[in-house]
Amino acid sequence: MKEFYQELDNYIENLEDKKNDYKVLSFVVDELGYLPDEVLNYIAKKMDIFPFSLESTIKFYPKLQKARTKNYVQICTGRNCIQPGLKEKLAELKSEVDFPIEERHCLGRCGKGSALKINEEYYSYKTLEELEKLLLNLK
Ligand code: FES
């Protein structure tokens, strides 16, 4: 992580527009895949801006919003993927995990088992128990 902060410092120092927080946040997403709280606090101090200002920028751009948590989960509830009890299981899981679980009508993976996507990776599951285990084991 120390190396990452050095790269981040260099990136910020070489920015033409020193207040372009979108570029800095995008850099973090490209490097780490998500936006950890500690990095946001570091950027706020380094760029001398308020953390809530960074949150406003994040809310404005879907790419950044998706990366706000380490795990961004999308579950297909389309007709090729839905299983009896899936909606109830999702309601239960949403209250147990600290990352967003979003329902989608199709993830473009029809016919390969019930589909879900975690960040940029696609997965499939056969049973709701398998799905639950997969999501509860995400760190
Ligand atoms: S309906 Fe689930 S991936 Fe298409």
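The following paragraphs lead through a predicted model, moving from its domains to its helix packing and then to its sheet.

The domain assignment divides the chain into domain 1, covering 2-66, and domain 2, covering 73-136. The centres of domain 1 and domain 2, taken over C-alpha atoms, are separated by 30 Å. The elements described below are taken up in the order in which these two ranges are listed.

Helix H1 (residues 2-14) packs against helix H2 (residues 21-32) at an angle of about 150 degrees, and their axes lie 11 Å apart. Because angles over 145 degrees count as roughly antiparallel, H1 is roughly antiparallel to H2. The crossing of this pair, H1 and H2, is right-handed. On the side of H1, the contact is made by Phe4, Glu7, Tyr11 and Ile12, and on the side of H2 by Val24, Phe27, Glu31 and Leu32. By residue class, the contact of H1 with H2 comprises 6 nonpolar, no polar and 2 charged residues.

Helix H6 (residues 86-96) and helix H7 (residues 128-136) pack at an angle of about 15 degrees, with 11 Å between their axes. Since angles under 35 degrees count as roughly parallel, H6 is roughly parallel to H7. H6 passes H7 in a right-handed crossing. Leu86, Lys89, Leu93 and Glu96 of H6 meet Leu128, Leu131, Glu132, Leu135 and Leu136 of H7. The residues of this contact between H6 and H7 fall into 6 nonpolar, no polar and 3 charged.

The sheet is the next element to consider. It is an open sheet of 4 strands, in the order E2-E1-E3-E4, and its pairing is mixed. Strand E2 (101-104) and strand E4 (121-125) each have a single partner strand and stand at the edges, so one side of each is left without a neighbour in the sheet. From one strand to the next, the twist averages 25 degrees.

Two of the strand pairings can be followed residue by residue. Strand E1 (residues 73-76) pairs with strand E3 (residues 114-118) in the antiparallel sense over 3 bridges, and within this pairing Gln74 stands opposite Lys117 in E3. E3 is also joined to E4 by 5 bridges, and these two strands run antiparallel. Lys117 has Tyr122 as its bridge partner in E4, while Leu116 stands opposite Tyr123 in E4.

Note on methods:
Residues are numbered from 1 along each chain as its sequence is written. This is a predicted model: local features need pLDDT of at least 70, side-chain atom pairs count only at pLDDT 80 or more; totals for chains, interfaces and linings use all residues. Two strands pair if DSSP finds at least two bridges between them. Axes are lines fitted to C-alpha atoms, for helices over the stretch in contact, and angles run from 0 to 180 degrees between N-to-C directions. Domain bounds come from an automatic or database domain assignment. Angles under 35 degrees count as roughly parallel, over 145 as roughly antiparallel, 65 to 115 as roughly perpendicular and the rest as oblique. A crossing is left-handed if the near helix is turned anticlockwise from the far one by less than a right angle, and right-handed if clockwise. Two residues are in contact if their C-beta atoms, placed from the backbone, lie within 7 Å. Ala, Val, Leu, Ile, Met, Phe, Trp, Tyr, Cys and Pro count as nonpolar, Asp, Glu, Lys and Arg as charged, and the others, Gly among them, as polar.
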